[in-house]
Amino acid sequence: MIGLISGTKSGGGACERLASAWPTRTRVYEGPVREAFERAFRECEQVVCFLATGAVVRLAAPLLAGKAVDPGVVCVDEGGRFAVALLGGHAGGANALARQVGEVLGAEPVITTATDAASLPGLDMLGFPVEGDVAGVTRAMLDGEPVALEAELAWPLPALPSNVSAPSDWAVPTLPQALGSARAGDAPLALRDDCPQQGAAEQPTVRVSDRTLEPALREVVLRPPSLVVGVGASKGAPVDEVLGLVRETLREAGLSALCVRELVTVDAKRDEAGIVEAAARLGVPLVTYTADELAGVDVPNPSGAPLAAVGTPSVAEAAALRGGGELLVPKRKSERADGRPAMATCAVVRRPARGRLAVVGLGPGARDLLTPRARDELRRAAVLVGLDQYVDQVRDLLRPGTRVIESGLGAEEERARTAVAEAREGRAVALIGSGDAGVYAMASPALAEAGDDIDVVGVPGVTAALAAGALLGAPLGHDHVSISLSDLHTPWEVIERRVRAAAESDLVVTFYNPRSRGRDWQLPKSLALLAEHRAPTTPVGVVRNASRPDESVRLTTLAALDPDSVDMMTVVTVGNTATRAIAGRMVTPRGYRWQGV
Ligand code: SAH
């Protein structure tokens, strides 16, 4: 919840605007400003004050308890010109909030946190829970001091500056070591002794680990979501018994609860209150599998009881192992003080680190048609793969240290293979394409190559047909189709069959790749096919370089279109029999009421 506090009338206006823009996220605190602020500070995760920064500094000072617990505070000046991230830039989310508030109010976000200002990743902004000396290690990173990256798990991280690197003589602890010492209850110490880097404790260190350990001086521990806990419970098992077992098991194994990504169980236990509540209290999702799915998983400790009760010889182990990984803790049962039979079981699996491939559409060209999500994904990547001209389009957005693999036109397959291979190495990779990366672009060759050993996320982009449509008017108001006239990957007979079908079914058609130097007869031929079913006066929109500096937009007709005016930077949108030119705009009605008018 975001608390809103305003001191003055004009501030009130901006306050109301924000409240009505975010009705479910905000609560307006009325009354005397000091009391309102104190209540909001206590009750909300974030606070936006329409007050002078000085006033807010005085109000907040006596309430400050620490970076990890204080809400993020943003101040907006009376004129609504600036949104200042005053307090809790990272941990409190004030930097992000200042940007969002800026967008709603048309105010300039003011962000002073060092890492954001220098566009370096704050160590608490990498998308993982973090423990340890965040400020100290971030400072060292910014100052260019050598920072050791101790990746016990090869989790995909965003690009880090070049002074953060893995010491070559660092040996990743093996599983038996980790478990053996964990059982002895002294995992951190035992492992530290094995690790020469740790001895030189003064070196600032970023560690990626799921083991419980007290971060050393000048050390930060990133907690990736590597652990899955399988749970079973008999009917009515109390939440304390389930949660107690999970917590105790993790503790004894020397594993951090911050790394648990999900609780898993069998479908039949989806509504078992003790399990549902345990997941909620751990703050992780509960994932379930059918008994059949679990029965097919090979486990070390099958038993008759769950087979009789829910139809699979193992619940906890099978559910945990179902998504793959290493069984760190085999099935254990809860212990009850009253000596009655245990009602809960659990098992812990470490999922293998998986590389991450983001397939990102950059939109047609203009920076403000690049989605915020695409921007985030670019900043999340350690490796960027793309066509050189598209890389140039976004180079300024990349984090320092991002490795760029660019290639020229025509190397699609190779680009796709490279991107997937990089992700398979466990890296965070962004594969970029113009418009939407799934439309006549990189997503399909990449996903044809990718196995289920990497995570893939797609970020949609504004494809050329939509960018052109918006410039032309409303040509896509009814059913429409895109057809690429490139016969590089598709025989002409297939393309022609599709054009004929579109002609017969009266679809609005957008031609991509309409014409190149060596390929000039396909467009006139296609237009002629459409003309067999549409009037010569049918509106046709020709848009070249939509949203780029030399953009051009022309509205013409099937009969008047000059194919020479079309090239590979162009899309051509042909209306259906109901499409009209109205006030210089191309409009396809939603229904067919206008037909014949
Ligand atoms: N993935 C891209 C399409 C790639 S195919 C997208 O979703 O937009 C390449 C063709 O797209 C070009 O030949 C041209 O027909 C069209 N195109 C891409 N960007 C364009 C733009 N900004 N203006 C007009 N046409 C564009």
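**Figure 1. Asn 513 lies in the loop that joins strand E24 (508–512) to helix H21 (522–531).** Helices (H or I, at least four residues) and strands (E, at least two) are DSSP runs, numbered from the N terminus. The model is predicted: local features need pLDDT of at least 70 and side-chain atom pairs count only at pLDDT 80 or more, whereas totals for chains, interfaces and linings use all residues. Residues are numbered from 1 along each chain as its sequence is written, and side-chain values use heavy atoms, with hydrogens and water left out. Phi of Asn 513 is positive, near 45°, in a residue other than glycine. With a relative accessible area of 24%, Asn 513 is partly exposed; buried means under 20%, exposed over 50%, and partly exposed in between (1.4 Å probe, protein chains only).

**Figure 2. Ser 547 occupies the loop between strand E25 (539–544) and strand E26 (552–557).** Ser 547, also a residue other than glycine, has a positive phi near 65°. Its relative accessibility of 19% places Ser 547 among the buried residues.

Figure 3. An oxygen atom of the ligand is 2.9 Å from a backbone N or O atom of Asp 436. A polar backbone atom of Ala 546 lies 2.9 Å from a nitrogen atom of the ligand, and an N or O atom in the side chain of Arg 548 lies 3.3 Å from a nitrogen atom of the ligand.

**Figure 4. The largest nonpolar core contains 26 residues.** Such a core is a set of buried Ala, Val, Leu, Ile, Met, Phe, Trp, Tyr and Cys residues joined through side-chain atoms within 4.5 Å. Leu 227, Val 229, Val 231, Val 242, Leu 250 and Leu 263 have the most contacts inside this core. Two or more residues come from each of strand E12 (227–233), helix H10 (239–253), strand E13 (260–266), helix H11 (273–282), strand E15 (326–333) and strand E16 (344–350). H10 gives the most, with 7 residues. Among the residues that Leu 227 touches, beyond four places in sequence, are Leu 250, Val 260, Leu 328 and Val 348; contact means heavy atoms within 4.5 Å.

**Figure 5. Strand E13 pairs in the parallel sense with E12 and with strand E14 (residues 286–289).** Two strands pair if DSSP finds at least two bridges between them. E13 has 4 bridges to E12 and 4 bridges to E14. Leu 263 of E13 stands opposite Val 229 and has Leu 286 as its bridge partner in E14. E12, H10 and E13 form a right-handed β-α-β unit, as do E13, H11 and E14. A crossover is right-handed if, with the strands pointing away from the viewer, the path from the first strand over the helix to the second runs clockwise. E13 is largely enclosed by the rest of the structure, because 6 of its 7 residues are buried.

**Figure 6. Five strands form an open sheet of mixed pairing in the order E7-E11-E10-E8-E9.** Strand E7 (130–132) and strand E9 (164–165) stand at the edges, each with a single partner strand, so one side of each has no neighbour in the sheet. Strand E8 (residues 147–151) and E9 run parallel and are joined by 2 bridges. Val 147 has Val 164 as its bridge partner in E9.

Terms used. Polar contact = N/O pair within 3.5 Å; in protein donor to acceptor, adjacent residues only side chain to side chain.
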